[in-house]
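Me: Please take a close look at one chain of the structure below. I would like a single connected account of how its parts pair up and where it meets its partner.

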Amino acid sequence: MNAVGTKYDLPPDREATINRAKRVEWASLVFLLSTVVLMWLVMGSSQTMKAMWIEDTLSLIPTVSFLIGVHFRGRPPTEEYPYGYRRAVLVGFMCGAVALFGFGIYIALDSIMKLIAAEHPSIPTVRVFGVHIWLGWMMLAVLLYSVIPPIVLGRLKAPLAHELHDKTLHVSAAIDKGDWLSGLAGAAGMLGIAFGFWWADSAAAAFISVEIVRDGYQNLSNATAQLMDRRPSDVETNEKDPAIDHLQDALNRLEWVAKARVRLREQGDILIGEAFVVPRQQTDLLARLDEARQLAGTIDWRLHDINIVLVRSME
Amino acid sequence: MAVLLPALSGFGCGDLPRDPKHTLSRVLERKKVRVGLVENPPWVLHGADGPAGAEVVLARRFAESLGATPEWFWGGEQRHMEALENFEMDLLIGGLEASTPWSKKVGLTRPYFVERMLVGIPPGSPAPVSLKGQQIAVKAGDDLAASVQKKGAEPLQVPEISPNVATAAADWRIAQLGLVPTRFELGAKRHIVAVPPGENGWLRRIQIFLATQRGDVPGLLQRAGTGQ
């Protein structure tokens, strides 16, 4: 039997917040799937619709990542996975970021080429229940439908992400913002075509692709940082997480501690890591270690599994 | 909302979508439609007095519905498609199908007519249970021979199909020959006409017209096929 990490339980009030976040993300998932299907149905040869479809399809990634992550992260660590499952989601998150980034660049180049080649998008008329409807109107309707829910859902997600320190949730909220922005751009492009401006479609798509590349870059750097165990940072401002200094200061205040240095990393929403401590005297150290460990738990709800390492000096 | 309002008014005023190159308004003004013809009987063919064929009749009727007359231009598909791509032509007909490789370069209507390719048998002969090993007549040079082979039957290339043997042909032709259609379908050909790229108002106009003609198409094809 080897050392296996201990199971982490969220404080009860956070548990309620998590459940709320789960409901919001499920709503996102259902809505996004409906847009993806509707867009696919009316897509035709419009460059804008192609861009929007890809953006919406890939927007599923943070949402799905969050839901999968929430599902797995409660699992206790095992012999085989002694650090637990809290980072399971990172793999999918990384792949999604790469896809988003790559597709964004592809759409941008594709749209610019079409603008240079002066390609005129042909949008046919379809017959629905005996009525002739220009497919462009249906695309416009779908685009407008796709705009409203992300405004609402994005606003619900942002404060939850902050409260839970959940980066996946934060990215999901950021992408919602990108979604409704590009939805409006797409609608403007479609109207442009209706009024006979052939370039409106590709121009809107190019604008949307910039948004996709931005999303992709954001996710990519986020996922890379997490994989590299970068210093924990704030969900919104990306600045140094104050919990690191809080813990270090608290340890330094203990009268038996001569010097303490803390090194932390993010494990999804929680923080794990080591505190190196130089003791003043060498008596009764086991009891003092327990004290320090308990102290860590009271500083911040996210601190978990902090290893206190005794060292002779910091050099 | 700033986006929504013009969209809604667009539904009402009816001149949307507009053509970037103004094809529809030019046709209405000058009363001429430039029609490219690619020979492909019975859709487009050289008749005794000028162009004939099912799609020639449709193009004539369409021009008439706009108060215009057609100007005909005979030529090959490559040249005509390029002319269309560069707005030198308003309409291109020639038995084109939705699967045309030109779909990215020019504007295509939705399929206005679907030809179902069937196996027909002489009246009175027993309906085959399977096509496996059956000999089925196909007009020589027709791509139907490949479809017949795929079904495990043996294509019999004939210079002209006749009502005397099991034959693969389009549904309207089977009916015309007096053959009895079987349940064996060899595929479908979805027919379209081509317009200049992005002329969405013009495209809409022609699609609405073609939708009214659907019922007439088999008759037009049958008459054109017999050289009328």
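Reply: Helices (H or I, at least four residues) and strands (E, at least two) are DSSP runs here, numbered from the N terminus. The model is predicted: local features need pLDDT of at least 70 and side-chain atom pairs count only at pLDDT 80 or more, while totals for chains, interfaces and linings use all residues. Residues are numbered from 1 along each chain as its sequence is written, chains are lettered from A and ligands numbered from 1 in the order in which they are written, and side-chain values use heavy atoms, with hydrogens and water left out.

Helix 4 of chain A holds A:Pro159, which is partly exposed at a relative accessible area of 47% (buried is under 20%, exposed over 50%, partly exposed in between; 1.4 Å probe, protein chains only). From A:Pro159 to A:Trp256, 97 residues along the chain, the C-alpha separation is 40 Å. A:Val152 is also in helix 4 of chain A and is partly exposed at 46%. Its C-alpha atom lies 33 Å from that of A:Thr125, although 27 residues separate A:Val152 and A:Thr125 in sequence.

In helix 6 of chain A sits A:Glu211, a buried residue with a relative accessible area of 9%. Leaving aside residues up to four places away in sequence, A:Glu211 touches A:Glu55, A:Gly178, A:Leu181 and A:Ser182 (contact: heavy atoms within 4.5 Å).

Side chains of opposite charge can pair when their charged atoms come close. Over all chains there are 24 salt bridges (a side-chain nitrogen of Lys or Arg within 4 Å of a carboxyl oxygen of Asp or Glu). One of them joins A:Asp269 to A:Arg86, with the closest N and O atoms 3.1 Å apart. A:Asp269 is in the loop between strand 3 (257–267) and strand 4 (270–279) and A:Arg86 in the loop between helix 2 (47–73) and helix 3 of chain A, so this pair ties together parts 183 residues apart in sequence. Another salt bridge links A:Arg265 and A:Asp229 at 3.3 Å. Here strand 3 is tied to the loop between helix 6 and helix 7 (242–253), parts 36 residues apart in sequence. A:Arg265 is partly exposed at 25%, as is A:Asp229 at 29%.

A search of the whole structure gives 8 aromatic pairs over all chains (ring centres of Phe, Tyr and Trp, the last by its six-membered ring, within 6.5 Å; planes under 30 degrees apart are stacked, over 60 edge-to-face, the rest tilted). A:Phe101 and A:Tyr217 make a tilted pair, because their centres are 6.4 Å apart and their planes stand at 45 degrees. This pair connects helix 3 (residues 88–116) with helix 6 (residues 199–227) of chain A.

Chain A and chain B bury about 2,000 Å² between them, 66% of it on carbon and sulfur atoms (accessible area, 1.4 Å probe, that two parts lose on being put together, summed over both). A:His120, A:Trp137 and A:Phe195 supply 28% of the area that chain A buries against chain B, more than any other three residues. The contact takes 22 residues from chain A and 26 residues from chain B. Between the two chains the salt-bridge count is 0.
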